[in-house]
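Q: I would like to go through this model with you, starting with helix packing and then turning to charged pairs. Could you bring it up?

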Amino acid sequence: MTRFRALTLTAVLAGLLAGGVAIAQGPGPGRRGPGGFGRPGPGGPGGPGGLPLQALNLSETQQDQIKQLMQQHHQQNQSVGEQLRTAMEAQRKAVETIPVDEGLIRSTTQALVDAQTEMAIQQARLQSEIFALLTPDQQAQARKLQAERSQRMQQQRQRGQQRQKQGQ
């Protein structure tokens, strides 16, 4: 289960980074929106850390600043991502070791948790730096949209739990 979580976290974070770069670039020449014809671009409606950048009407200056931040953090995250991949592989090997070596499993799992924590910290820093570039109105709008998204996700979880109970 931990391996699945780690892989999912890595995929989500990579998607957020890629989506954030695409969003920060803004519309290209002759295009109405990031996806053209008013459609959302790659990465969906959210940006880094779930910030709804597409909905905030960023200025060109803000887009450039966010793009620069994304590039800086991408370089930093490459080493953290490599640590995460290495830790996941080490944990996988430890779990598959016969006979069971609980000490090895514990130490490799702790290394994986440490790498995941570092990745989460990097993402939080990026989100904070981007948030600081927003105007007070944009910040308020971002908070509102994040709260709405969070509420929708909670409702989806509740519906899923209800379906599970019905299926038992």
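Predicted model: local features only at pLDDT ≥ 70, side-chain atom pairs only at ≥ 80, totals over all residues.

Q: At what angle do α3 and α4 pack, and how far apart are their axes?
A: Helix α3, residues 102-133, packs on helix α4, residues 136-167, at an angle of about 135°. Their axes are 9 Å apart.

Q: What does that make α3 relative to α4?
A: The angle makes α3 oblique to α4, because angles over 145 degrees would be needed for roughly antiparallel.

Q: Which residues meet there?
A: From α3 the contributors are Q127, F131 and A132. On the α4 side they are Q139, A142, R143 and Q146.

Q: How do they divide into nonpolar, polar and charged?
A: The contact of α3 with α4 has three nonpolar residues, three polar ones and one charged.

Q: Which residues of α4 are buried?
A: Q138, Q139, A142 and Q146 are the buried residues of α4.

Q: And what do those pack against?
A: The buried residues of α4 pack against α3 and also against α2, which covers 60-96.

Q: What span should α4 have, and what do its end C-alpha atoms give?
A: With 32 residues at 1.5 Å a residue, α4 should span 46 Å. Its end C-alpha atoms lie 47 Å apart, which agrees.

Q: Changing topic: how many salt bridges are there?
A: The count comes to five salt bridges. As background, side chains of opposite charge can pair when their charged atoms come close.

Q: What does E82 pair with?
A: E82 forms a salt bridge with R85, and the closest N and O atoms are 3.3 Å apart. Both residues lie in helix α2, three residues apart, or about one turn of the helix.

Q: Which salt bridges does R92 form?
A: One is with E89, where the closest N and O atoms are 2.3 Å apart. Another is with E96, at 2.7 Å between the closest N and O atoms.

Q: How are these placed along α2?
A: E89 and R92 are three residues apart in helix α2, about one turn of the helix. R92 and E96 are four residues apart there, again separated by about one helical turn.

Q: Which residues make up the network?
A: Salt bridges link E89, R92, K93 and E96 in a network.

Key: Residues numbered from 1 in each chain as written. Heavy atoms only, no water. Axes fitted to C-alpha atoms, helices over the stretch in contact; angles between N-to-C directions. Helix = DSSP H or I, 4+ residues; strand = E, 2+ residues; numbered from the N terminus. Parallel < 35°, antiparallel > 145°, perpendicular 65-115°, else oblique. Contact = heavy atoms within 4.5 Å. Nonpolar A, V, L, I, M, F, W, Y, C, P; charged D, E, K, R; others polar. Expected span 1.5 Å × (residues − 1). Buried < 20%, exposed > 50% of the residue type's maximum accessible area, 1.4 Å probe, protein only. Salt bridge = Lys/Arg side-chain N within 4 Å of Asp/Glu carboxyl O.
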